[in-house]
Amino acid sequence: MVYAFPPGFQWGVATSSYQIEGAADGRGPSVWDVFSQTPGRVLNGDTGAVACDHVHRYRDDIALMAELGVRHYRFSISWPRILPEGRGAVNQAGLAFYSELVDTLLEFGITPHATLFHWDSPQALETKYGSWRNRQMAQDFADYAAVVVKRLGDRITHWMTLNEIFCFTHIGYGVGHVPEMAPGTVVKTAKAVWQTSHHALLAHGLGCQAIRAASPQPCQVSLVDNYLATVPLSDTPGDIAAAQAAFPLTGTNGGILYPALTGHYSPQLLEELGENAPDIQPGDLEVIYQPIDSLGFNVYTGVYVRAADNERGFEMLPFPQGYPRLHMPWLHILPDSLYWGVRHISDTLQRPELRVFISENGCAAQDELTPTGEVLDLDRIQYLQQYLRSAHRAVQEGYPLMGYFLWSFLDNFEWAYGRDRRFGITYVDFATQQRIPKASYHWYAHCVQENRVV
Ligand code: FCB
């Protein structure tokens, strides 16, 4: 089988600001600076103060990206690098950095795709009013978005509002206990957690409006979400129906993806949440349900579902001990999750016209340098190959999947796991900041060049 993609399929790589930039002195502190400086929070005490030192090495990094052959790059903009206090005074040097970054990308023939928020929110707003616990955060995000788009919108036409609402709200805010994996606060109820994601949805909606109003030219606006794809255990009609029925009730799908793409929370989810459902003010759902040009799907794993003789008609299956996974506790290998995630948007959410792109896919592996200085990440190649075949299946069957951004271009600061977990196709020697393309880099270059899974 030749896994060829249609002409125009967009091949790219992805990163995020806090994970690669460094140059912490050039920005206001973000919640991730404070979190990572708190002893015991990040593995080995790593922080993003230097990360991949990308702020000083971006030109070489972009040259290496061009050598890879990709024409698309998804990166994120650091809110506190633009607005050190979260609102008000603009740091012109911060804007100038991104302006040069974008010029360099264009010079190398790479289209910039910018995410406006990839978790590194200004600590000043946490201190002032509790960040996502407060509705004000949504308006402050939209105002920040307008500042960025006014300055860079002459050269950037692909915008993403927020990355993975679930992670910076539901993982960041702990009910009755301090959140261990992400910055946030202890809140009293699950309702309070749902309120934070509701505020983030409002930020997405107001952000879409602000981007379109500020852009000097027509542009594309997307949401990036890591909704959980339900994968039928078999391709029988019964299991497929079960996977569809489970989709709104899996993870936080019904309360994040559903409002953004259908204009309402899933009724079944609201029923299950009962008094833990967030407060929704009149007009909120209209703000949240903005037209978007495409959806970014971050996919690493999924959940198996089968038909069951119970009230719901389905059951979600836990992964057994020993199920194959890569170098993260949650990284169970489930290539079909990519195909089903795309298909659910068309068939289950009934949005067949909405274009989807894979905004992140990749894996952490226990990479080592061989004596000859190579990194033979065969496990990563195997993983990527399977997921890309799944992408091919979606395209082949006519689902509107337009592109693929591999996570990640570089090994980087992997949040609570620090530098310990390497997701890059380029190895970074953090002692010297040397970049060494791994075997997967060369393999991916081949895919890009031939527009197929090699
Ligand atoms: C995603 C994040 C990204 C990276 C990968 C491994 O959840 O968006 O920043 O950490 O996981």
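Trainee: How far is an oxygen atom of the ligand from an N or O atom in the side chain of Glu414?
Mentor: This is a predicted model, in which local features need pLDDT of at least 70 and side-chain atom pairs count only at pLDDT 80 or more, while totals for chains, interfaces and linings use all residues. Residues are numbered from 1 along each chain as its sequence is written, and side-chain values use heavy atoms, with hydrogens and water left out. A polar contact is a pair of N or O atoms within 3.5 Å. For the side chain of Glu414 and an oxygen atom of the ligand, the separation is 2.7 Å.

Trainee: What share of the ligand's exposed area does the protein bury?
Mentor: Accessible areas come from the Shrake-Rupley method with a 1.4 Å probe. Taken alone, the ligand exposes 290 Å². The share buried by the protein is 95%.

Trainee: At what distance from an oxygen atom of the ligand does a polar side-chain atom of Glu164 lie?
Mentor: Glu360 also places a polar side-chain atom by a ligand oxygen, at 3.0 Å. For Glu164, the corresponding distance is 2.6 Å.

Trainee: How many residues of the shell around the ligand are charged?
Mentor: The surrounding residues, each with a heavy atom within 4 Å of the ligand, include His118, Trp119, Asn298, Tyr300 and Phe423. Asp, Glu, Lys and Arg count as charged; Ala, Val, Leu, Ile, Met, Phe, Trp, Tyr, Cys and Pro count as nonpolar, and the others as polar. The shell divides into five nonpolar, four polar and, as charged residues, three.

Trainee: Which residue in strand 16 stands opposite Tyr427?
Mentor: Strands are DSSP runs of E with at least two residues, and two of them pair if DSSP finds at least two bridges between them. Strand 15 (residues 426–429) and strand 16 (residues 434–437) are antiparallel, with four bridges. They form a hairpin with four residues between them. Opposite Tyr427 stands Ile436.

Trainee: Which residue in strand 12 is the bridge partner of Tyr304?
Mentor: Strand 11 (residues 303–307) pairs with strand 12 (residues 314–317) in the antiparallel sense over four bridges. Six residues lie between these strands in a hairpin, and Gly313 in the turn has a positive phi of about 85°. The bridge partner of Tyr304 is Leu317.

Trainee: What is omega for the cis peptide bond from Trp407 to Ser408?
Mentor: Most peptide bonds are trans. Ser408 is located in the loop between strand 14 (401–407) and strand 15. For the cis bond from Trp407 to Ser408, omega is near 10°.

Terms used: A polar contact is a pair of N or O atoms within 3.5 Å; within protein, one must be able to donate a hydrogen and the other to accept it, and residues adjacent in sequence count only if both atoms are side-chain atoms.
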